[in-house]
Amino acid sequence: MCNPDRILVLCISVVVYSRGALIQVFSKFGKLSNLDYLFHKSGPLKGKPRGYAFVEYADQAVSLLVFLGFVLLFGLLGLNRPFFCFVL
């Protein structure tokens, strides 16, 4: 089932982006209702970020604008992109 309020953010640099940094980046566009930044639960990487997150906004229109903005800004212009976004 597609949930347009939920954005999958991939290829997050674990060196540069912490949970707080992601909140700062994505809250600039609208009110966040949820941010799931996933971490390894076991193994040699236990406690380290997995490099992806799920971002949810309170407003579906904001989610769509954020997604389209990142696609246009980073995809079409060919800029070095810190992460990829997908609407789920």
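These exercises work through the fold and the aromatic pairs of a predicted model. Residues are numbered from 1 along each chain as its sequence is written. In this predicted model, local features need pLDDT of at least 70, side-chain atom pairs count only at pLDDT 80 or more, and totals for chains, interfaces and linings use all residues, while side-chain values use heavy atoms, without hydrogens and water.

**Exercise 1.** State how many helices and strands the protein chain has, and give their order.

Solution. The protein chain has two helices and four strands. Read from the N terminus, the order is β-α-β-β-α-β.

**Exercise 2.** Classify the ring pair of Tyr37 and Phe39.

Solution. Rings of Phe, Tyr and Trp (its six-membered ring) pair if their centres lie within 6.5 Å; planes under 30 degrees apart are stacked, over 60 edge-to-face, the rest tilted. The structure holds two such pairs. In one of them, the centres of Tyr37 and Phe39 are 5.3 Å apart and the planes stand at 65°, so the pair is edge-to-face.

Next, take accessibility (buried is under 20% relative accessible area, exposed over 50%, partly exposed in between; 1.4 Å probe, protein chains only). Tyr37 has 6% and is buried. Phe39 has 35%, so Phe39 is partly exposed.

**Exercise 3.** Do likewise for Tyr52 and Phe54.

Solution. The ring centres of Tyr52 and Phe54 are 6.2 Å apart. Their planes are at 90°, so this pair is edge-to-face. Tyr52, at 23%, is partly exposed. Phe54, at 15%, is buried.
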